[in-house]
Amino acid sequence: MKKIPLRKCVACGNMLEKDKLFRLVKDIDGVMLDKSYKFQGRGAYVCKNKECLDLALKKKGLNRSLKQAVSDKVFDSLYMELENDR
Ligand SMILES: [Zn+2]
């Protein structure tokens with residue numbers, strides 16, 4: 001059986017299989033959503049649910065973890081992804 005690595009959500013602090021989380025990665029232009037989970041660089045994770053996104057937005061957990069401001073545009077795309085998952 002293949003073991004799926006666990007990652008920690010910046011909002012709730014739970015360890016989850018990484019495909020249950022969004023990966024944000026620091027890029028030269030700022031922060032972007034890494035759908036492939038493969039981009040090089042500092043990454044941060046947040047659960048694929050509205051509660052954790054809201055919390056990450058409010059408490060700036062992603063900004064802290066990435067040491068970089070996450071733009072509203074990035075958050076918009078995360079919320080869009082949630083809608084699409086339904
Ligand atoms: Zn979470």
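## Sheet

In β5, the bridge partner of V25 is G43. That contact belongs to a predicted model, in which local features need pLDDT of at least 70, side-chain atom pairs count only at pLDDT 80 or more, and totals for chains, interfaces and linings use all residues. Residues are numbered from 1 along each chain as its sequence is written, and side-chain values use heavy atoms, with hydrogens and water left out.

Strand β3 (residues 21-27) and β5 run antiparallel and are joined by five bridges. Two strands count as paired if DSSP finds at least two bridges between them. The open sheet has three strands, ordered β4-β3-β5, with antiparallel pairing. Because β4 (30-33) and β5 each have a single partner strand, they stand at the edges, and one side of each lacks a neighbour in the sheet. From one strand to the next, the twist averages 30°. Strand β5 (residues 43-47) is mostly covered, with four of its five residues buried. Buried means under 20% relative accessible area, exposed over 50%, and partly exposed in between (1.4 Å probe, protein chains only).

## Helices against the sheet

Helix α1 (residues 50-59) lies across β3 and β5 and runs at about 130° to β5. Helix α3 (residues 72-85) lies across β3 and β4, at about 155° to β3. Axes are lines fitted to C-alpha atoms, for helices over the stretch in contact, and angles run from 0 to 180 degrees between N-to-C directions. Helices (H or I, at least four residues) and strands (E, at least two) are DSSP runs, numbered from the N terminus.

## N63

Helix α2 (residues 61-66) contains N63. This residue counts as buried because its relative accessibility is 18%. Leaving aside residues up to four places away in sequence, N63 touches Q68, A69 and V70; contact means heavy atoms within 4.5 Å.

## Cysteines

How many disulfides does a search of the whole structure find? The result is zero, where a disulfide is a pair of cysteine sulfur atoms within 2.5 Å. C12 counts as partly exposed because its relative accessibility is 33%. C52, at 7% relative accessibility, counts as buried.

## Confidence

The chain averages a pLDDT of 93, and 99% of the residues score at least 70; pLDDT is the predictor's confidence in each residue, from 0 to 100. Among the elements of the chain, α1 has the highest mean pLDDT (97) and α3 the lowest (93). Where pLDDT is low, the predicted coordinates should not be read in detail.
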